[in-house]
Amino acid sequence: MKLCVVALALALFCGVFAVMGWGALLHRVGGTVIYPFQWVFSKVEDGISGFVSYFEDVDKLKNEIEALEKENESLKAEIQDAEIILQEQYWLYEYLSMKQEHEDYHMCAASVIAQGGQVGSGVYATLLTLNKGSAHGIKVGMPVVTISGLVGMVTEVGINQCYVQTILSTSSSVGALLVSTREQGLLEGNFSCLYDGNAMMKYLAEDAEITENDVIITSGQGSVYPYGIPVGRVGDVKVNPYSRTQEITVSPFVDFSDLDEVIILTSYLRYTEGDHIPEEEGGA
């Protein structure tokens, strides 16, 4: 009711001013009075419009980020697939290179499906499980290698898998020799250097000449390993005060902390140090 009275009064007021010829003045005065309100409403409208526009831009940006993240994940997957293919090709190249270099080797490629270690070995495996077994002709005592060097030997065989004792195992024993001097000794796993991923070569003559970083290979002695497989390099040298022989810490060529693919030697021609002539053909 009050609003109606106010509205009627304003109408009469404006009508009187118009009859009196003061319409233009009334218009200017009204414009002056109303202008601040118009300005405020205009700014509020602009603010609301900008506010809505801001959130629209945020949503758009969020969608773009999500699209880029999906594209990034897709590219990562493609890179990983490419790396796997490259590794497989490199492994195939290594396998074929070894086959070409050692025509007397009969080989079976295998993948490492599990690794185990003795207490104190850290990340360095002393026991490997491979995906090949008796169904593939694998037998106990067969040597296991990579293109880099000696891994160990098969100690247990199942139908579709086998277990390999690496040269880092304290139960391992390999006839070995120094390339430069032809000095022979026995390579064994040892707790004193196992945590560093090293083995130890023992029973070298007290007066044997040993050169740092000299290459160590298998000597071919025994019935397991063929002659000439690279083993590692000479590290620290010390004299055993009890046996009066020298002992060498050996850094293997094979990285036992990162081993995925290996080669099992199913048969080979046996060579011995001295004449390097095949003595007999046989399996390991």
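Reader: Hello! Let me start with N190: is this residue buried or exposed?
Author: Buried means under 20% relative accessible area, exposed means over 50%, and partly exposed lies in between (1.4 Å probe, protein chains only). The relative accessible area of N190 is 17%, so this residue is buried.

Reader: Where is the place of N190?
Author: First, a word on the basis: this is a predicted model, where local features need pLDDT of at least 70, side-chain atom pairs count only at pLDDT 80 or more, and totals for chains, interfaces and linings use all residues. Residues are numbered from 1 along each chain as its sequence is written, and side-chain values use heavy atoms, leaving out hydrogens and water. Helices (H or I, at least four residues) and strands (E, at least two) are DSSP runs, numbered from the N terminus. N190 sits in the loop between β7 (184–188) and α3 (191–194).

Reader: Which side chain makes a polar contact with the side chain of N190?
Author: Contact in general means heavy atoms within 4.5 Å, and beyond its neighbours within four places in sequence N190 has such contacts with L168, T170, M200 and K202. A polar contact is a pair of N or O atoms within 3.5 Å; within protein, one must be able to donate a hydrogen and the other to accept it, and residues adjacent in sequence count only if both atoms are side-chain atoms. At 2.5 Å, the side-chain partner of N190 is S192.

Reader: In what order do the six strands close into a barrel?
Author: Strands of a sheet pair through backbone hydrogen bonds, either parallel or antiparallel. Two strands count as paired if DSSP finds at least two bridges between them. In this barrel the pairing is antiparallel, and the order is β6-β7-β8-β11-β10-β9.

Reader: Why is strand β5 largely enclosed by the rest of the structure?
Author: β5 is joined to strand β2 (residues 127–130) by four antiparallel bridges, and to strand β4 (residues 150–157) by five. Strand β5 (residues 162–166) is largely enclosed because, of its five residues, the number buried is four.

Reader: What is the bridge partner of V157 in β5?
Author: β4 and β5 form a hairpin, with four residues between them. Another β5 residue, V164, is the bridge partner of L128. For V157, the partner in β5 is C162.

Reader: How many disulfides does the structure hold?
Author: A disulfide is a pair of cysteine sulfur atoms within 2.5 Å. By that rule, the count is zero.

Reader: And how far from C162 is the nearest cysteine sulfur?
Author: C162 is buried, with a relative accessible area of 0%, and is in no disulfide. The nearest cysteine sulfur belongs to C108, at a distance of 8.3 Å.
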